[in-house]
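Subject: Handing over a structure, with notes

Dear colleague,

I am passing a structure on to you, and I would be grateful if you read these notes with it open beside you. The sequence and the structure come first, and my notes come after them.

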Amino acid sequence: MAHDHHDQLDQHGSHGSHGRHGHDHTDLDWAAMAPMMEEQAELYTPLYERAMAWLAKRQTEPGLIVDVGSGPGVGSCLLAETFPGARIVAVDGSEPLLERARERADRLGFGDRFGTLAGELPGALDDLDYPADLIWASWSLHHLGDQRAGIAAFAERLAPGGTLALLEGSLPTRCLPRDIGIGRPGLQARLDAVHEDWFTEMRAALPGTVDVVEDWPALLASVGLKHTGTRSFLLDLPAPTTDRARHVAVATLTRIREAVGERLDADDLATLDRLLDPDDKASIHHRPDVFFLAARTVHTAVRGV
């Protein structure tokens, strides 16, 4: 989207800023963006609850969980809820987002076992007091120029027998049918193609960027971890969708417009503007065929004892 995420309808993956490595990071006002980030993360809560329940069935109760690229802490608090005996540390490059995460944890009753760590990845993890039993890294890795080195750094912070849960890749999110009755059919697929180019350029601009085949199980194994599983989880909010989903779709398509609008042809840009115009009955604000369909893929790997 308008940030670095490899998805048209996802502003912040695991909802965090992760660092200031991309060419668009330095001018972003994270505090101002936080409410939208939080709303989107809350929309995805059922999906992440299922992913974390899957994790919980596959390992013993962790003592320390680190949420890498936590943002405003929605995922961090879901981890706290899923693993009631664990201490949670939320790590992010934005102190305003971490402040919001602490407030959320306090509000939900997790504050006594919730900490935060501000800093750039992966170096911020050097400040952890103890190795982690579970590291949750949801769309934070692709902010690092050298993704394999990032995985290696995560692995080094795992306790023996600890698990790295890596969410990367996944399918593009959809909120509209192929033919929406205005413009040329297939708009979202063309937005995907433009975004792929944008994402590639973002990756190329990162410091120390290294091209790798994004075979995540192979990358996990290449740093000495044992790949233990891969599973995808679905968020399916059919039409007519919820008000929250509609609001998130409007906000995220607005950011797509800001990020890649100049790359679209005139017809697609005009269609996108109509979709975002609250006074247009064909817009996302009003049309009855808006849905929200997303898939997220989690890869797990364990450090040897």
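Predicted model: local features only at pLDDT ≥ 70, side-chain atom pairs only at ≥ 80, totals over all residues.

Residues are numbered from 1 along each chain as its sequence is written, and side-chain values use heavy atoms, with hydrogens and water left out.

I begin with helix α6 (residues 187–204) and helix α8 (residues 243–260), whose axes come within 11 Å and cross at roughly 55°. Helices here are DSSP runs of H or I with at least four residues, strands are runs of E with at least two, and both are numbered from the N terminus; axes are lines fitted to C-alpha atoms, for helices over the stretch in contact, with angles from 0 to 180 degrees between N-to-C directions. The two helices are therefore oblique to each other, a word for angles that are not under 35 degrees (roughly parallel), over 145 (roughly antiparallel) or 65 to 115 (roughly perpendicular). On the α6 side L191, V194 and W198 make the contact, and they meet L253, I256, A259 and V260 of α8, where contact means heavy atoms within 4.5 Å. Of the residues in this contact, seven are nonpolar, none is polar and none is charged; Ala, Val, Leu, Ile, Met, Phe, Trp, Tyr, Cys and Pro count as nonpolar, Asp, Glu, Lys and Arg as charged, and the others, Gly among them, as polar.

The second pair is helix α2 (residues 45–57) with helix α3 (residues 74–82), whose axes come within 10 Å and cross at roughly 40°, which makes α2 oblique to α3 as well. Here T45, Y48, E49, M52, A53 and A56 of α2 meet V74, G75, L78, L79 and T82 of α3, and the residues of this contact divide into seven nonpolar, three polar and one charged.

A nonpolar core is a set of buried Ala, Val, Leu, Ile, Met, Phe, Trp, Tyr and Cys residues joined through side-chain atoms within 4.5 Å, and buried means under 20% relative accessible area, exposed over 50% and partly exposed in between, with a 1.4 Å probe and protein chains only.

Some residues in loops also deserve a look. Most residues other than glycine have a negative phi, and most peptide bonds are trans. Phi of W139, however, is positive, near 55°; W139 lies in the loop between β4 and α5 (147–156) and is buried, with a relative accessible area of 0%. S170, in the loop between β5 (158–167) and α6, also has a positive phi, near 80°, but S170 is partly exposed at 21%. A cis peptide bond joins L121 and P122, with omega about 0°, and the bond from A239 to P240 is cis too, with omega near -10°.
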